[in-house]
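Me: I am new to this structure. Please show me how to read its ligand sites.

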Amino acid sequence: MGEHARSYEGSLRDPDSFWLRAAELIDWDARPAQALDDAEAPFYKWFPDGRLNICANALDRHVDQGFGDRTALIWDSAMVPAKRSFTYRELRDEVARVAGALRGLGVGKGDRVVVYMPMIPEALTTMLACARIGAVHSVVFGGFAPKELAARIEDARPKVVVAASCGIEPARVVAYQPILDEALGMSGHRPDHTLMLQRDTLRAELGPGYLDWSEVVPTAVPAEPVPVSATDPLYILYTSGTTGKPKGVLRDTGGYAVALAWSMDAIYDVHAGDVFWTVSDVGWVVGHSYIVYAPLLVGATTVMYEGKPVGTPDAGAFWRIVQEYGVKTIFTAPTAIRAIKKVDPDATELAAYDTTSLVSLFLAGERLDPETLQWASEALGVPVTDHWWQTETGWPIAANPRGLEPMPVKPGSATVPVPGWDVRVVDGGGRPLPAGQEGEIVIRLPLPPGALKTLWGDDKRFVESYLTRYPGYYHTGDSGFIDDDGYLFVMGRTDDVINVAGHRLSTGAIEAALATHPAVAECAVIGVPDALKGHVPYGLVVLKAGATPDHDDLRAELVAAVRRDVGPVAAFRDVAIVPALPKTRSGKILRRTMRGIAEGRDEAVPATIEDASVLDSLTVVLKDRP
Ligand code: COA
Ligand code: AMP
């Protein structure tokens, strides 16, 4: 039996022993005697009697152990451009000041703080500062529209919003204050204060209700870490569900700390002193787990990069960072590699840099196509690891466990389920499927430490969304199969969620934006394949009787509506105006069938179809899209 099989089997047979052993990776104020508490199943708790502070584990303990001079954070902005680095001591002191500032603004244990900041060090220090005083952060990605920000503020009801004056995209500076003002105007909730960090690229005019970071933080009394219960909430991170309303994934503290620390060794093989670079955004779960918490928990150096993989200034942006900082491991989405490959197909830009420090590349967020896997493996000459996870899970469900036991790579597979995750493939009725047969991927309860606790303020939606369809199992929303060797192949979502450039979006939210147009009678949005972004949303709209708009103008207005209501991150550009949408006799739009056709599959026409000729005419539209 290999190391992975031994560990996997042990984690499922005796989760208590397995996770109590892993808990030794963390410094506890009260060491837990119990791992799993299932008294209130399906609301499982991990380490119910443990007390800790995750910020102290990420920063103070490394300083206390004599590693205060080690680099904790390297920030590199290709957009300003600028660079900064912080030792563990400097980062601890800065975080303590930010924590003191928040406390001075009345933030205490359990209070929510919305963080609306781009990829700057202050985003990371604010998150850790919240954790230091037991407050709950909720970071909102900068590419969303005011309406999406408003929905998050309304739901999280923060005491304070911490924002920056702008984000910087290659083609434009994104002024955050107008977006925030609009969002606050829409939201039924008003925070007590908004703390604004002024960036020189674009300073904001601070009106009433705003405080200037530079006047509040430097003079704040540093705050010491507050021990909290392992089961206390650490953060809320909103993610797209099947409806327009985002889901507030609630993460606990102790289970998350243990799972992340364990994953750094077992999956990523990254340890104290290693340089780890996750190329994502702090607004996504990958950023939370692997830019902020996990690398610092194990005493590694985390790199935070503001910029795109290419064009800032060239296709060598990634490789400059690797060379300059001696990066050991990169973690990003396949789309970033496709973007590089597109402009540097022969890897000549890459060859101009010394990337010998690089040992490993990890990819997640969307399906890794075999071509990208092959290109990256050959160009970099290091193992490329596909791994599968979700905002809800917080850390990988399936991976090639590089630290535990590297396994042969199979293109198209995220390799094997990670210890702790009891992954099964079932049919629509919940019956187990044999090896090789595609079905719904479900995970037997309880989920391991680190997975979501519930949805913020909505236990009912948590149970309905994830735990009801297959009783005793967590419904992932992904389909796939397990082969004879136990390798898991994740094929795609079975619901109305799409992944666009590694960003998770709800087609329902995009449809809601299209439906606001007065000429639109009904609409459907599906994800269609895209060579760079994996998938992009594609709209199909039917006009109201009597509406005769100019089609080009209408398309432009619909694109603008999605940008206005969902945000630029939706990358919504294509919409077709069609006479009708294919439906079942009970009126359900056949989105899945249309998606299959767009993906070039031979879709069986459902027996329940109302009018097959509608689908026939749409097949042409879907196959001939620009
Ligand atoms: N703030 C404001 N706007 C943002 C934004 C942010 N943080 N992030 C993206 N946007 C905007 C972009 O400027 C773009 O706007 P535009 O329509 O005016 O051009 C739009 O949202 C779409 O962004 P994106 O899908 O990222 O496309 P892109 O062409 O800018 O970049 C990639 C494409 C592939 C290079 C980029 O998405 C990427 O590097 N992704 C991989 C890494 C990653 O972030 N993964 C996430 C999870 S692991
Ligand atoms: P997010 O919550 O944004 O991390 O998105 C999670 C979704 O991304 C999953 O449910 C999958 O559909 C998809 N995903 C993430 N990683 C992979 C992967 N390695 N292979 C295939 N799909 C993936």
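**Reading the two ligand sites**

Reply: Start with ligand 2: one of its oxygen atoms lies 2.7 Å from a polar side-chain atom of arginine 504. This is a predicted model: local features need pLDDT of at least 70, side-chain atom pairs count only at pLDDT 80 or more, and totals for chains, interfaces and linings use all residues. Residues are numbered from 1 along each chain as its sequence is written, ligands are numbered from 1 and chains lettered from A in the order in which they are written, and side-chain values use heavy atoms, with hydrogens and water left out.

Me: How much of ligand 2 does the protein bury?

Reply: Accessible areas come from the Shrake-Rupley method with a 1.4 Å probe. Taken alone, ligand 2 exposes 490 Å², and the protein buries 94% of that.

Me: Which residues come nearest to ligand 2?

Reply: A residue is near a molecule if one of its heavy atoms lies within 4 Å of it. Of the 14 residues around ligand 2, the nearest are His387, Thr391, Asp478, Arg493 and Arg504. Histidine 387 also has a backbone N or O atom 2.7 Å from a nitrogen atom of ligand 2.

Me: And which residues come nearest to ligand 1?

Reply: Glu169, Arg172, Lys308, Lys533 and Arg563 come nearest, out of 24 residues around ligand 1.

Me: What backbone atoms lie by an oxygen atom of ligand 1?

Reply: A backbone N or O atom of proline 568 lies 3.3 Å from an oxygen atom of ligand 1. For valine 569, a polar backbone atom is 3.5 Å from an oxygen atom of ligand 1. Alone, ligand 1 exposes 930 Å², of which the protein buries 83%.

Technical notes
A polar contact is a pair of N or O atoms within 3.5 Å; within protein, one must be able to donate a hydrogen and the other to accept it, and residues adjacent in sequence count only if both atoms are side-chain atoms.
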